[in-house]
Amino acid sequence: MSTHYQALILGSGQAGTPLASAFAKAGHKTALIERAHIAGCCVNEGCTPTKTLIASGHVAYLAKRGPDYGVLVNRDEVKVDMKKIRQRKRDIVDSFRGGSERRLKEAGVDVLMGEGAFVDERTVKVRFEGGEEKVVTADRIFVNTGERPAPAKLEGVEKLDPKIVLDSTSIQELDEVPEHLVVIGGGYVGVEFAQLMRRLGARVSVLQRGKQLLPREDPEIAKCLFDILKEDGLDILLESQAVGIEPHGKGFKLKYQEGKGGPEKELIGSHILFAAGRIPNTEALDLSAAGIKTNSKGYIATNPFLETSTPNIYALGDVKGPPAFTHISYDDFRILSHNLLPSSSSSPTPKSSTTNRLVPYVVYTDPQLAHIGLHEHEIPDRKTIQVAKMPMSYVARALETDESRGMMKAVVNRETGLILGFTCLGMEGGELMAVVQMAMMGGVRWEVLQRAVWAHPSLAESLNNLWGFLE
Ligand SMILES: Cc1cc2nc3c(=O)[nH]c(=O)nc-3n(C[C@H](O)[C@H](O)[C@H](O)COP(=O)(O)OP(=O)(O)OC[C@H]3O[C@@H](n4cnc5c(N)ncnc54)[C@H](O)[C@@H]3O)c2cc1C
Ligand SMILES: NC(=O)c1ccc[n+]([C@@H]2O[C@H](COP(=O)([O-])OP(=O)(O)OC[C@H]3O[C@@H](n4cnc5c(N)ncnc54)[C@H](O)[C@@H]3O)[C@@H](O)[C@H]2O)c1
């Protein structure tokens, strides 16, 4: 016999988890189906653990730079304890996940720890670990099943010891620093882990297929990050493609083509990290049984109200395609709870949607790469805009801290003075970007920021000076 729910959530991601609590608290009979762990990728294998590990990497980096600040340590004696670093990461993840589990329980959500698959547009079958199954039906179904790392695709990879073939999840469980880590892919995952492992003491080589790191970023910013990572001792091979791999001692020999049409070369490494993108968790769902359409890349197609092609089925977070960020998934939760749960306010508000949503993000390299709005290359008519660029070495706070690598760049509308986009590759770039985000949200012209009184010596103070570079 099936159990009927008013709201059924598939996947405990960054939208589904709070949505389940919100529905349950509003008095709806609600269930959440999760096949691996409550709180999804972000908490268990994404943002939380990586930013915790990166904090250890930052301390290692600063410890080695002690003498630059007059703090006398022997650079060569700075050692890392990978088991301790991993335990610190595990503890923080456990505590965050525990918080999510507790909130679901307190809200009265039925949590079903198993894999969900559609039977039809109202029915889902849950398969539990032991093989038992349960059928549930629901008035509304929300899919928040996220993505996972694209599988390692390289001729010969199956012959390697699986312990040295890593993805963004397994690399976080290493108990020692790799001797020579080769990273395939220079996207967000690739650059964050590459710099982290270098700081912890590994030799690191990055193979990036495209002609710049982080292909979606402004080329000038990407080049600036490239130079910073090179300065930190990373080998970065652009326009390079892995061709094949074979076991070599305890590690491997990687054959790759360097540069477009360049010669075939070899690289000896101890561990290989595949960071060449992520794929949606949709196969297990049997979407066709519920008539849910996907786009050409396999992501669930939704309209701006997050409705799928099947009435009363919604998709949230990464499973509906990029941008794939926790805060975007969380905003999907906000949109649906606003549209579907009656508000306590007496005056009705318009339906929320994803239309014109601002998408800020931060890549947690050091310095951080933070961005919001449009890039210069995304604006078709160059005559309508003005661009300002300023090196971080003009920022007093960055100089005083001796973390002045990087640059910032803003794009404004020439006529209205409104800010269209802002990037900061600089220390605490995410915090500075948030200041500009506020201005963009409020429709504040750049001149207002130029004239504002900012506390000295804050990073925000640089917003007095940046606009002097508008060309
Ligand atoms: C290494 C790494 C670092 C990242 N760092 C950041 C960062 O710093 N900042 C940021 O904003 N974003 C970051 N991200 C991206 C971020 O983690 C995701 O955008 C975020 O987790 C949103 O995911 P989601 O809500 O779509 O679902 P997810 O968090 O992916 O959760 C989906 C859940 O669904 C479950 N599931 C899948 N299929 C089924 C099924 N059939 N039945 C039941 N359950 C199922 C999965 O087990 C999972 O728990 C990072 C990602 C990675 C990999
Ligand atoms: N700080 C953050 O917010 C953060 C951190 C990590 C991940 N994420 C999210 O996760 C998403 C996925 O990140 P990702 O880095 O896995 O994917 P990605 O798609 O951003 O980057 C993959 C990179 O690999 C390269 N590539 C692909 N195939 C290759 C090959 N065969 N050889 C060499 N290079 C190859 C691509 O050119 C690209 O640069 C991101 O887009 C982001 O939304 C966010």
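Biologist: Two strands pair if DSSP finds at least two bridges between them. How many bridges join strand 8 to strand 14 here?

Modeller: Four bridges join them. Strand 8 and strand 14 run parallel. Keep in mind that this is a predicted model.

Biologist: Which residue of strand 14 is the bridge partner of I184?

Modeller: F274 is the partner of I184.

Biologist: And strand 7, how is that joined to strand 14?

Modeller: By two bridges, and these strands run parallel. Strand 7 covers residues 165-166. Its L166 stands opposite L273 of strand 14.

Biologist: What about the faces of strand 14, covered or open?

Modeller: Both faces are covered. H271 and L273 point to one side, and I272 and F274 to the other. All four are buried.

Biologist: New topic. Which residues does UniProt list as "binding site"?

Modeller: The unreviewed entry lists G185, G186, G187, Y188, V189, G190, V191, E192 and G277.

Biologist: Take G185. Where is G185 found?

Modeller: In the loop between strand 8 (180-184) and helix 5 (188-200).

Biologist: Is G185 buried or exposed?

Modeller: Buried, because G185 has 25 C-beta neighbours inside 10 Å. The cut-off for buried is 20 or more.

Biologist: What is G185 in contact with, neighbours within four places in sequence aside?

Modeller: G190, Q208, F274, A275, A276 and G277.

Biologist: What does E192 touch, beyond four places in sequence?

Modeller: T50, I54, V363, Y364 and T365.

Biologist: Now the ligands. Which residues come nearest to ligand 2?

Modeller: G185, G187, V189, A276 and A324, out of 26 residues around it. Helix 5, strand 11 (241-248) and strand 17 (361-363) each give two or more residues to that shell.

Biologist: Which element gives the most?

Modeller: Helix 5, with four residues.

Biologist: How does the shell around ligand 2 split by class?

Modeller: It has 15 nonpolar, eight polar and three charged residues.

Biologist: How is the protein divided into domains?

Modeller: Domain 1 is 3-148 + 280-340, domain 2 is 157-276, and domain 3 is 367-469. The C-alpha centres of domain 1 and domain 3 lie 32 Å apart.

Biologist: Why does ligand 2 lie between domain 1 and domain 2?

Modeller: Because both domains give residues to the shell around ligand 2.

Biologist: And ligand 1, which residues come nearest?

Modeller: G11, G13, G40, G146 and G317, out of 38 residues around it. By class, that shell has 14 nonpolar, 18 polar and six charged residues.

Biologist: Which elements supply at least two residues of the shell around ligand 1?

Modeller: Strand 2 (30-34), helix 2 (40-44), helix 3 (47-64), strand 3 (110-120) and helix 7 (326-340).

Biologist: Last one. Which residues does UniProt list for "domain: FAD/NAD(P)-binding"?

Modeller: Residues 6-327, again from an unreviewed entry. That span is 27% helix and 27% strand. Its end C-alpha atoms lie 26 Å apart.

Conventions:
Residues numbered from 1 in each chain as written. Chains lettered and ligands numbered in written order. Predicted model: local features only at pLDDT ≥ 70, side-chain atom pairs only at ≥ 80, totals over all residues. UniProt positions renumbered as here; feature names shortened; annotations may be inferred. Buried ≥ 20, exposed ≤ 12 C-beta atoms within 10 Å, placed from the backbone. Contact = placed C-beta atoms within 7 Å. Domains from an automatic or database assignment. Near = placed C-beta within 6 Å. Nonpolar A, V, L, I, M, F, W, Y, C, P; charged D, E, K, R; others polar.
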